[in-house]
Amino acid sequence: MKLLITIIQDDDSSRLVSAMTKNGFSVTKLATTGGFLRAGNTTLLIGVNEEKLDQCLGIIENTCKSRKQIVNTNMGGYDLAMNMAHNSIEVTVGGATVFILSVDEFKKY
Ligand code: 2BA
């Protein structure tokens, strides 16, 4: 069995959870925060048997879209509106970031 720690954007979470459950995958949804943007994102814990791994990854890839976001690089308490034009960078936020871990044991009581 594998555990997929799957970090996605909030905008994709509802569609991905629906697609997962429709295809018989169990999902736990966590509200998380990205360290760079300091903005909310969603982390899904998905336990999946190895023969279903590719199907599961395919659903993630097909459901989650990358998007561009403008980030203010001077968030230290100055007037954000005044600084925005001069201190902004564009970052492309995935898609999905997926950590694939091997599960030693899986029990349900
Ligand atoms: P954030 O940390 O808020 O990062 C959002 C996006 O900002 C990243 O998109 C990336 O394009 C950019 N970024 C992140 N750190 C950067 C840095 N030090 N310098 C320049 N740009 C940077 P993604 O790479 O698609 O990541 C989306 C979210 O996935 C991240 O949100 C974070 O919550 C998680 N993540 C990504 N890689 C991770 C890793 N190696 N370990 C743990 N969490 C990770």
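How much space lies in the second largest pocket? About 170 Å³. Before going on, a word on the source: this is a predicted model, where local features need pLDDT of at least 70, side-chain atom pairs count only at pLDDT 80 or more, and totals for chains, interfaces and linings use all residues. Residues are numbered from 1 along each chain as its sequence is written, and side-chain values use heavy atoms, with hydrogens and water left out.

What do I mean by a pocket? On a 1 Å grid over the protein atoms alone, a pocket is an open set of points where a 1.4 Å probe fits, with protein on both sides within 12 Å along at least five of seven lines. Lining residues have an atom within 4 Å of a point. Grid points join across faces, edges and corners, and the volume is the space filled by probe spheres set on the points.

Now the overall layout. The protein chain has three helices and six strands. These are DSSP runs, numbered from the N terminus: helices are H or I with at least four residues, strands are E with at least two. The order from the N terminus is β-α-β-β-α-β-α-β-β. The chain has 109 residues, and 27% count as buried, meaning under 20% relative accessible area with a 1.4 Å probe, protein chains only.

On to the sheet. Four strands form an open sheet in the order S2-S3-S1-S6, with antiparallel pairing. Two strands pair if DSSP finds at least two bridges between them. S2 and S6 are the edge strands, each pairing on one side only. S1 and S6 share seven bridges. In that pair, Ile-5 stands opposite Phe-99 in S6.

H1 packs on the sheet and touches S1, S2 and S3. Contact here means heavy atoms within 4.5 Å.

Back to the pockets. Strand S2 (26-33) and S3 each supply at least two of its lining residues.

And the largest pocket? What is its volume? About 320 Å³. Its lining has 18 residues, with Ile-8, Gln-9, Leu-37, Asn-41 and Val-93 nearest the centre. Strand S1 (2-8), helix H1 (10-22), strand S3 (40-48) and strand S6 (96-102) each give two or more residues to that lining.

That is the tour. Over to you.

Technical notes
Axes fitted to C-alpha atoms, helices over the stretch in contact; angles between N-to-C directions. Buried < 20%, exposed > 50% of the residue type's maximum accessible area, 1.4 Å probe, protein only.
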